[in-house]
Amino acid sequence: MSESAARRLELRELADEQATLLALEAIEASQAHGLSQSQLIDVLNDDARCVLGAWWQAGESPTAELIGFVVLARGPFEAEIEAITVHAAQRGQGVGARLLAAAIARARDWQRDSGLERLLLEVRASNAAAAALYAKAGFTRDGVRKGYYPLADGGREDAWLMSLPLV
């Protein structure tokens, strides 16, 4: 059996541990626009947030490397995907789609518990692949935040606001 046939993607909730923080930092370092260490610590310690991680698990091996994560925040009326990130070397393998599906499922669980109305997210206007993934999952574009994201050259980029009804 080939290595790719024997491996499976596993998703689980992350806790605030040093090894988790180091793994998250490694993923963020592969991004053009990543979260800082202090932002990651805040996210892992916030009871209103859920961080789900993705690992390729090979066979029965006890070791696996974190390759992506999603940060989901729970508000009084809505949930929001604050970040969905896959290590640059692992893109194009369905990891982002699985993380998105897990975030939607968790938001729907929260909806059943407390009546949340919708799931929100923002995406860079230039990130066509992510916008297409979100649209395929049922998100619709609701608006634009002009000049929301900073660019390396000092300019600004628009954010598209998208939402998915949970009811």
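In what order do the elements of the protein chain run from the N terminus on? They run α-β-α-α-β-β-β-α-β-α-β-β. The legends below describe close-up views of this predicted model.

View 1. The chain has 167 residues, of which buried residues make up 37%. When contacts between residues at least 6 apart in sequence are considered, 61% of them join residues at least 24 apart.

**View 2. An open sheet is formed by seven strands.** The strand order is β1-β2-β3-β4-β5-β7-β6, and the pairing is mixed. At the edges are β1 (7–13) and β6 (140–150), each of which pairs on one side only. Direction ignored, neighbouring strands of the sheet are turned against each other by 25 degrees on average. In general, strands of a sheet pair through backbone hydrogen bonds, in either a parallel or an antiparallel manner.

**View 3. Strands β3 and β4 are joined by a hairpin.** Strand β3 spans residues 65–74 and strand β4 spans residues 78–86; the two run antiparallel and are joined by seven bridges. Two of the residue pairs can be followed here: Gly68 has Val86 in β4 as its bridge partner, and Ala73 has Glu80 in β4 as its bridge partner.

**View 4. Strands β4 and β5 run parallel.** Four bridges join these two strands. Ala79 has Leu119 of β5 as its bridge partner. Together with helix α4, strands β4 and β5 make a right-handed β-α-β unit.

**View 5. Helix α3 lies across β2 and β3.** The helix comprises residues 37–44, and its direction is at about 100 degrees to that of β2 (49–58). Its buried residues are Leu40, Val43 and Leu44. These residues lie on the same side of α3, because they cover an arc of only 95 degrees around the axis.

**View 6. The largest nonpolar core has 30 residues.** Those with the most contacts inside this core are Leu72, Ile81, Val95, Leu119, Tyr134 and Phe139. Two or more residues each are given to the core by β2, β3, β4, α4, β5, α5 (128–136) and β7. Helix α4 gives the most, with eight residues.

**View 7. Tyr134 is one of the residues with the most contacts inside the largest nonpolar core.** Which residues does Tyr134 contact when its neighbours within four places in sequence are left aside? The residues in contact with Tyr134 are then Ile84, Leu100, Leu121, Val123, Phe139 and Met162. Apart from the core shown in the previous view, there is a second, separate core of twelve residues. Among the residues of this second core are Leu24, Ile27, Leu44 and Val71. Leu44 is also one of the buried residues of α3.

Definitions and conventions:
Residues numbered from 1 in each chain as written. Predicted model: local features only at pLDDT ≥ 70, side-chain atom pairs only at ≥ 80, totals over all residues. Heavy atoms only, no water. Pairing = 2+ DSSP bridges. Axes fitted to C-alpha atoms, helices over the stretch in contact; angles between N-to-C directions. Contact = heavy atoms within 4.5 Å. Buried < 20%, exposed > 50% of the residue type's maximum accessible area, 1.4 Å probe, protein only. Arc of directions from axis to C-beta. Right-handed = clockwise from strand over helix to strand, strands pointing away. Core = buried A, V, L, I, M, F, W, Y, C linked by side-chain atoms within 4.5 Å.
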